[in-house]
Every structure is written in structure tokens, then in C-alpha cells.
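Please look over the protein chain shown here before reading the notes. They are arranged by topic, for use beside the sequence and the 3D view.

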Amino acid sequence: MLLALSTRNSDMQRYKILWADDEIELLKPHILFLTQKGYDVTPVTSAPDALDEIENENFDIIFLDENMPGMTGLEALPQIKSMTTDVPVVMITKSEEEHIMEEAIASKIADYLIKPLNPNQILLSIKRLLDNKRLVSERTNMSYQQDFRNISMAFGDFLNHEEWADVYKKLIFWELEMADADNSEMTEVLEMQKNEANLNFAKFVKENYEEWLNDPESDRPMLSHEVMRKKVFPELNAERPVYFIVIDNLRYDQWKIIQSQILNLFTLEKEESYYSILPTTTAYSRNGIFSGMMPSEMEKQCPDYWVGEDMEGGKNNFEDKFLERQLKKQRLDIKWSYHKIRNISQGKSLSDSLNNLQNNDLNVIVYNFVDMLSHARTEMEVIRELAPDERAYRSLTQSWLAHSPLLEILKKISQTNAKVILTTDHGTIRVKKPFKIVGDKNTNTNLRFKLGKNLNFDNDRAFVVRKPERIFLPKLNVSSTYVFATEDYFFAYPNNYNYYVKYYNDTFQHGGLSLEEMIIPIISLNSKNR
């Protein structure tokens with residue numbers, strides 16, 4: 001199957017070139033050379049003729065003479081770019097004057113050639129601009145095919161938590177490589193392999209999760225409630241402040257897509273991962289981070305701060321109180337601050353007052369955006385149109401950071417002597433497979449986990465926990481049961497089933513058990529001014 005896909009994708013594409021030059025007759029040998037190489041060339045002798053051709057035909061690349069009579073190439077360039085924003089334009093000129101080069105480059109040309117032209121020089125420019133993507137795609141496909149068998153064979157082994165994290169990161173690596181190569185057929189193969197990985201990962205967690213929480217000698221990953229004790233508190237010292245930044249709902253692939261923006265400001269000390277506790281929601285995993293406790297412990301020891309599934313109100317309104325309690329428990333007498341950013345004005349306000357935090361030992365920043373993005377994509381058709389797939393969803397995250405106050409905050413932190421630990425509370429998965437579940441009126445509404453009594457469903461892929469106390473989860477009553485969706489399943493009630501399936505299918509959800517929701521990036525950064 002992979003070989004067949006590779007063969008089809010390696011077929012030579014026949015590209016279409018528009019060449020505008022008032023001396024086009026003198027360029028016939030070059031045009032013939034390109035035709036023999038498999039390119040279709042449309043020659044025109046003026047800029048207006050070029051604009052007419054562009055209006056009526058699609059081209060893959062445009063050669064544009066800079067100094068044509070009437071309308072010059074530089075004068076035509078803005079119109080060409082407005083008509084074909086993604087088509088590379090190669091400016092050709094006899095002049096080597098610096099101001100012409102600068103003006104052309106400022107107009108976002110793709111390449112700049114100086115007459116007299118050499119056929120190989122032209123061919124090299126075309127291959128760099130057009131064939132480079134095809135060549136990268138072919139290399140990516142070949143490399144993935146070599147790794148495909150290794151990844152699949154690993155599923156049959158008894159992987160530990162570190163090896164599962166490595167498998168997930170490898171799958172994300174190939175997902176990002178495939179996105180750059182823009183190969184839909186190979187992406188489908190990778191998606192099938194990710195589904196297989198999630199099936200096996202769910203089995204792994206089902207078999208080991210209870211042991212992780214009850215046997216201190218077990219080979220277990222770092223979990224949500226251990227993050228601050230193991231990764232943040234050891235960094236506290238008198239020399240520099242620590243900024244602990246939690247971007248809600250940030251998956252590993254989203255971290256990789258914004259990584260370059262952040263590493264422009266900081267040096268990367270370490271990229272690690274931890275496992276989110278279940279359920280993979282704010283009330284459990286993020287409160288677990290700040291309290292240093294499992295959910296049932298929070299319920300018992302902090303009843304004023306814990307908001308259960310049967311209670312009204314926000315589930316994460318007391319993170320600062322949980323943090324204060326954890327600091328006291330660890331006997332850390334330090335200066336600290338806590339900031340939750342829910343909108344752009346709060347982000348700008350924090351950015352403006354950032355200098356006031358420099359004398360603190362610890363500054364905690366919780367940045368809510370990615371979670372809002374996932375919910376908005378469910379509820380707003382325009383967001384779903386903007387992010388129809390994983391690649392576009394990542395792109396929205398990248399664009400958000402580039403224009404957000406968070407990047408300004410990070411820039412200001414980078415100009416000081418500071419330590420930054422960047423992480424999230426849980427990830428999210430794009431759900432595609434519904435299954436019916438029946439519960440009483442007190443059953444919670446989350447699509448990836450259910451808490452109730454007498455829950456009825458017919459799906460052996462779910463993770464069923466009939467003794468919540470064994471995994472440190474609160475019980476509403478004696479017969480409370482938790483059911484977690486695995487892979488890319490989501491729960492739907494029989495009442496109005498078709499409507500809700502259509503509404504929630506292909507949306508990003510969290511609360512369940514999957515690689516995307518549970519394996520969490522945690523990044524240690526040092527300011528370059530250290």
C-alpha cells in the first residue's frame with residue numbers, strides 16, 4: 001500500500017510557466033529548453049498581456065521582466081501579487097542596481113535573475129521554487145515508510161510510559177513533516193497508524209493507571225499533581241525569578257508549531273513530558289497541578305475550594321488558593337504571584353506591569369486561549385471553517401501566539417535573567433466516532449467522560465472505573481462509576497442522537513484517554529540574558 005502511494009506521488013507534475021518579456025523572441029531557445037524539460041511555457045510581450053493571462057489561466061510560476069516599455073515589471077508586480085498571492089514571481093532584469101533589487105525584494109518576489117540568462121540558471125530557480133516541495137514530499141514519504149514498520153512493530157512490544165511518549169512524539173514529528181510536504185494520501189496512512197497507536201495506548205493505560213497511583217515503587221510517569229513539586233519548586237532560588245506558564249489545552253503538536261517563535265527568545269534547556277491524570281479536564285488535571293493533590297484528596301482536604309460534578313459554579317476558580325496551600329505544605333516561604341489571563345485586555349495589563357514581578361521568586365501565569373479556541377470551533381461555524389483539520393487548527397494556534405500579549409510577555413521576560421517553565425494541563429482530541437450511553441439526570445455532560453450511577457453503554461473500548469477511590473476520584477454516591485472514552489470516540493445520548501452526533505462529530509474534545517489528551521509537554525527555558 002505504501003509503495004503504491006509512493007509511486008503515484010512520484011509522478012512528474014507538468015508545471016505551467018508564464019513568461020513576460022518585451023524581448024521574448026530572443027528567449028525562444030530558453031523556452032524550448034524548458035519545454036523539453038517538461039514545462040508548459042506561455043510567452044507574452046508586455047505586462048498588460050501578462051495580467052490578462054493571469055486573469056484567465058492558473059500558473060505555477062511567473063517570470064517577469066523588470067524593464068518593459070509601458071508598464072514595467074515592478075509596476076505590474078503589485079497587481080500580479082493581488083491576483084495570485086501564492087504564485088512565485090521571478091524578476092528578470094539587465095540592471096544590477098541595488099535600489100531595483102531592494103524594491104523587487106520588498107515586493108516579495110521569489111527570486112531575482114540577471115540577464116544574460118543561462119538555461120541551467122533558469123532551471124535551478126524553477127526547481128528550487130516548484131520541485132523543491134515535490135522532492136521534499138518524496139523524501140518525507142520514503143523516510144516515513146522506513147519508520148512505519150518500526151512504529152507498528154513497537155505496538156506489539158510491552159512499552160513503558162517513556163516509550164509510549166516517544167512513540168507519540170515520533171507520530172507528531174511525521175504528522176508535521178507530512179503537513180509541510182502536503183501529501184494527503186500518506187497523511188491518511190499516518191492517521192490510521194495514529195488510530196492504531198491510540199487503541200494500544202488505551203490498553204496500556206487501563207492496565208497500569210491504578211498501579212501508578214497506588215504503588216510508589218511502580219515504573220510510572222510524572223503525573224499532574226507532581227509537576228510543581230518535581231519541576232518548578234526545585235528551580236526556586238534567590239538568583240532569578242521562575243515563571244511557570246500554563247497555556248490551557250496545549251497539545252504536543254501545538255507546542256512544536258509555536259516552538260520556533262519561543263526559541264527566538266529563549267534557550268531550550270530541556271523538553272520533557274508528563275502524563276495528565278484522568279479525567280483530562282481543568283477541574284481535575286489543572287487543579288491537580290496547583291494543589292499537588294489528586295481529586296479525591298482535594299475534595300476531602302479542601303472542601304471550600306473543590307467544585308464537584310454535582311455542584312454549580314466554575315471548576316477552577318480557586319487555583320491560587322490551591323497553590324498557596326501547596327506552597328505552605330512544602331514549607332516554601334517565598335514571594336509569589338498568580339495571574340489568570342482570560343482575554344486580551346488582561347494580557348496587555350500583565351504585560352504592562354511585568355517589571356513588578358521581577359522581584360518575586362515565583363510567578364504563575366495561566367493563559368486561557370487554546371481551550372476557548374477548541375470550544376469556539378465546536379460552537380461557531382466560522383471557526384470550524386477556519387480550522388477544518390488538524391493542520392489548520394495548529395496554524396490558528398501559531399497565528400494567535402504571534403499576535404497575542406503572551407508573546408509580548410515572553411519577550412519582556414527574555415530580556416531579564418529568568419527561568420521559564422512552560423506547560424499545559426491536558427490536551428485535546430478530534431472526535432469522530434460516537435457511541436450511545438444512558439445515564440440518569442445527574443450524569444455530567446462531558447463528551448469524553450461520564451460520572452453517574454447505572455450507566456448503560458455498549459462499547460468495550462471505554463475505560464470503566466467502578467471503584468473511583470482506587471484512582472483517587474470523588475464519588476457522588478456508593479454506586480458512582482466513571483466511564484472514559486478512548487481513541488477518538490465520544491458519548492451521545494439516545495435522545496436526539498442524530499442531531500448531537502452531527503453537532504459534535506469532528507470537534508476537539510477532552511476528558512478522556514488518548515495520547516493527545518494525556519501526554520503533556522513541559523518545557524524548561526532560560527532567558528538568553530542569563
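The briefing below goes from the overall chain to one strand, then to salt bridges and a surface patch.

This is a predicted model, and its secondary structure comes to 20 helices and 19 strands. The C-alpha trace of the protein chain spans about 90 × 55 × 40 Å along its principal axes, and buried residues make up 54% of the 530 residues.

- Strand β9 (residues 362-367) is largely enclosed by the rest of the structure, because six of its six residues are buried.
- Both faces of β9 are covered, with L362, V364 and V366 buried on one side and N363, I365 and Y367 buried on the other.
- Strand β6 (residues 242-247) pairs with β9 in the parallel sense over six bridges, and within this pairing I245 stands opposite I365.
- Strand β8 (residues 336-341) also pairs with β9 in the parallel sense over six bridges, and here Y338 stands opposite V364.

**Salt bridges**

- The structure holds 32 salt bridges, among them one between R470 and E210, whose closest N and O atoms are 2.8 Å apart.
- That pair links distant parts of the chain, since R470 is in the loop between β15 (463-465) and β16 (481-484) and E210 is in helix α8 (residues 184-214), 260 residues apart.
- R470 is partly exposed, with a relative accessible area of 36%, and E210 likewise counts as partly exposed at 36% relative accessibility.
- D506 and R430 meet through their side chains in a salt bridge of 2.5 Å, N to O.
- D506 lies in the loop between α19 (497-504) and β18 (507-509) and R430 in strand β11 (residues 429-431), so this pair ties together parts that are 76 residues apart in sequence; D506 and R430 are both buried.
- The side chains of E517 and R448 form a further salt bridge (2.5 Å, N to O).
- E517 lies in helix α20 (residues 515-518) and R448 in the loop between β12 (433-438) and β13 (449-452), so the pair ties together parts that are 69 residues apart in sequence; E517 and R448 are both buried.
- Salt bridges with shared partners join E175, K194, R251, D253, E390, R394 and E516 into one network.

**A negative surface patch**

- D157, E162, E163, D166 and D219 form a negative surface patch.
- Within this group, D157 is found in the loop between α6 (119-155) and α7 (161-181), and D157 is partly exposed, with a relative accessible area of 48%.

Definitions and conventions
Residues are numbered from 1 along each chain as its sequence is written. This is a predicted model: local features need pLDDT of at least 70, side-chain atom pairs count only at pLDDT 80 or more; totals for chains, interfaces and linings use all residues. Side-chain values use heavy atoms; hydrogens and water are left out. Patches are made of residues with over 30% relative accessible area and no salt bridge: like charges are joined within 9 Å, nonpolar side chains (Val, Leu, Ile, Met, Phe, Trp, Tyr) within 5 Å. Accessible areas come from the Shrake-Rupley method with a 1.4 Å probe; for residues, only the protein chains shown count as cover. A salt bridge is a side-chain nitrogen of Lys or Arg within 4 Å of a carboxyl oxygen of Asp or Glu. Lys and Arg count as positive and Asp and Glu as negative; His and the chain ends are not counted. The place of a charge is taken as NZ of Lys, CZ of Arg, CG of Asp or CD of Glu. Helices (H or I, at least four residues) and strands (E, at least two) are DSSP runs, numbered from the N terminus. Buried means under 20% relative accessible area, exposed over 50%, partly exposed in between (1.4 Å probe, protein chains only). Two strands pair if DSSP finds at least two bridges between them.
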